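Thank you all for coming. Please have a look at the structure on the screen, and then I will take you through the parts that I would like us to discuss.

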Amino acid sequence: TAISADNTTLTINFNEDVFSDFDGLTDVALNNFGLSSSGGVATVSASSINIISGTQVDITLGITGVPDGTETVTVEPSATIYDGAGNPMDFPQSNNVVTLNDEKEPILSGLSIGTITNNDVDMYIEVDETSTLYYVLTQSMDQPTFQQILDGQDEFGSPAISADSYAIIGFTGNTYPISGLDPSTTYYVYWAAEDAAGNRSSILSDNFITADPPVDLTFSTVA
């Protein structure tokens, strides 16, 4: 039993031709199979069946919700499945459980700007799942593409003023310092996250102005 990459097709393989009647003439049908799911947030149902060959059946799945990769689907063939000689299938089966592929994108939230000085800033952001968090710092309100953020580039494909990435484990909210900035300068920061399955978040952005440089006061004594 296997699941397609997009979670739409469940493939069931048998070691010999199977039928829904002991006479070996009638193909199996959708009602010969039962599905159950557990874990995660998505649920599944069987919507149609496609007989690929006597030994392979594809079931088209209906998915409710967005799979996060923790859902397991169990296929329970009914006892009315037979081989060509009229022998019923052994029941229950053991190699009949698959795990849905993760389709849930990371969600970024809580972006805020903390302390700003003349040459650095603290930024807070939350990520709701295990993933890699990226940022780039530019001086343009034109947003880079997701791939440019992953590559540490600005909207022109040139190296960003500052860029970094962080490994995120589970739901995490952290403050990230960015330093080496110029005083009295407007900056734009773009954040994005990608999980191990390649699901990508929306891009969050914010901007700030660094503080003015400190004023040097020189005192002189007038005679």
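Helices (H or I, at least four residues) and strands (E, at least two) are DSSP runs, numbered from the N terminus. Before I use those labels, please note that this is a predicted model, in which local features need pLDDT of at least 70 and side-chain atom pairs count only at pLDDT 80 or more, while totals for chains, interfaces and linings use all residues. Residues are numbered from 1 along each chain as its sequence is written, and side-chain values use heavy atoms, with hydrogens and water left out.

Let me begin with the overall form. The protein has 1 helix and 14 strands. Its radius of gyration, taken over C-alpha atoms and compared with a globule rule of 2.2 Å times the number of residues to the power 0.38, is 28 Å, well over the 17 Å that the rule gives for 223 residues, so the protein is more spread out than a compact globule. Along the principal axes, the C-alpha trace spans about 120 × 30 × 20 Å. Of the 223 residues, 35% are buried, where buried means under 20% relative accessible area, exposed over 50%, and partly exposed in between (1.4 Å probe, protein chains only).

Now to the charged side chains. How many salt bridges does a search of the whole structure find? It finds 3, taking a salt bridge as a side-chain nitrogen of Lys or Arg within 4 Å of a carboxyl oxygen of Asp or Glu.

Lys104, Asp128 and Glu129 are linked in a network of these bridges. Aspartate 128 meets lysine 104 at 2.6 Å, N to O, and this pair links distant parts of the chain, with aspartate 128 in the loop between β9 (120–127) and β10 (131–138) and lysine 104 in the loop between β7 (97–99) and β8 (108–116), 24 residues apart. Lysine 104 also meets glutamate 129, at 3.2 Å, N to O, and because those two residues lie in the β7–β8 and β9–β10 loops respectively, the pair ties together parts that are 25 residues apart in sequence.

Elsewhere, arginine 200 forms a salt bridge with glutamate 194, their closest N and O atoms being 3.1 Å apart. Here arginine 200 is partly exposed, at 32%, while glutamate 194 is buried, at 19%.

I will finish with the backbone. Most residues other than glycine have a negative phi. Asparagine 7, although not a glycine, has a positive phi of about 65 degrees; it lies in the loop between β1 (2–3) and β2 (9–13) and is buried, at 0% relative accessibility. Serine 184, likewise not a glycine, has a positive phi of about 50 degrees; this serine lies in the loop between β12 (172–179) and β13 (186–194) and is partly exposed, at 39%.
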